[in-house]
Amino acid sequence: TPNEEVIKHAIKACRYLPRVVREEGGGGGELASTDCSAQSSVLIDQDSVTEAILVKMEAYGIPATYPILHALLETYAGGGMMKNNTSIGGKGRQTVSQQKAEDIFRLMSELDGATTAGPLSSSSSSIRALDFHLVAKTGRENGDVKHVEKWVGCLQDYGFSIDRQFYLTILNTYANSRDPEGMSKWLAKAKSDRMLTSKEFARFFNIVAVKMALHDKNMEGFYEVATEIVDLKSDSLKTSSANIMLEAVHHVKGAKDAIHFFKKVYFIADPKTTVVGRVSSVNKKTVEYLIENFGTEYTKALLQETNNYPGQWQDILS
């Protein structure tokens, strides 16, 4: 006879099953499998197996306890199959997982005797900060920043604070959205709260740079964001981000400031080693930008002054 523990582990195992999405307007309710390997006419997918387990649980009179509901949340927040959970019609629409996760959280609140009005004290509740994170996480893949921010608010209403994992979920959701300005605000907050490694900061800042300056053509806005967030003395940057910053400084402040920025950021401390300054040295795009805006001879001088081995760029410097 299955018990609570068996049901819990069975539900957790479902996270590794493929998710199947119903196509809109597919006559007779056709199923479109998001797993290419599922060629069989009998599809074993996450939803149908989870439903079967819940039916079995009800048949044996096992109540929906907090551990079981938490296991369901973990499943819908995604294991290996999260990428398959796309909403029909592209980004911005709520996914099946988001709806189900919110329903499960409502059941958790009912178990605790909670109401949607007013927070619970975490001492009297079995609900943990991780549960809010799991619900929020279901909005990550389709870039639903409103969903994630709503659950950040709920988390804080319950008296919890945003932890490192939640910050990563917020930033990854923004990375999948079309809102680099919003992402930059969260990046600044995560950095000031010391929640990111230097590599994580460099990666997220690069996403902001590409989306804001290149995709949205908002050099002025990006310059303001970069000036506010980046500490040129201590932050490591990807070369692509530094290149975009160089262009932004040139665009907003002029040639003199751009040259000063280049000397400060691309400087390699010791030309005999591969140890670099703030970025991964110059790349071809950096050199091409310098030639185009400052001329070949001055570019050669700048590369020599910053220990950037002008010899390797001979093909474009000649």
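This is a predicted model: local features need pLDDT of at least 70, side-chain atom pairs count only at pLDDT 80 or more; totals for chains, interfaces and linings use all residues.
1. Local features need pLDDT of at least 70 and side-chain atom pairs count only at pLDDT 80 or more, while totals for chains, interfaces and linings use all residues. Residues are numbered from 1 along each chain as its sequence is written, and side-chain values use heavy atoms, with hydrogens and water left out.

2. Buried residues of helix 11 include Ile244, Met245, Leu246 and Val249 (buried is under 20% relative accessible area, exposed over 50%, partly exposed in between; 1.4 Å probe, protein chains only). The buried residues of this helix pack against helices 9, 10, 12 and 13, contact being heavy atoms within 4.5 Å.

3. The whole structure has twelve salt bridges (a side-chain nitrogen of Lys or Arg within 4 Å of a carboxyl oxygen of Asp or Glu). Lys12, Arg15 and Glu74 form a network of them.

4. In helix 4, arginine 106 and aspartate 103 lie three residues apart and are bridged at 2.9 Å, N to O. Arginine 106 is partly exposed at 43%, as is aspartate 103 at 41%.

5. Glutamate 297 and lysine 300 are bridged at 3.7 Å. Glutamate 297 is exposed at 57%, whereas lysine 300 is partly exposed at 24%.

Methods: Helices (H or I, at least four residues) and strands (E, at least two) are DSSP runs, numbered from the N terminus.
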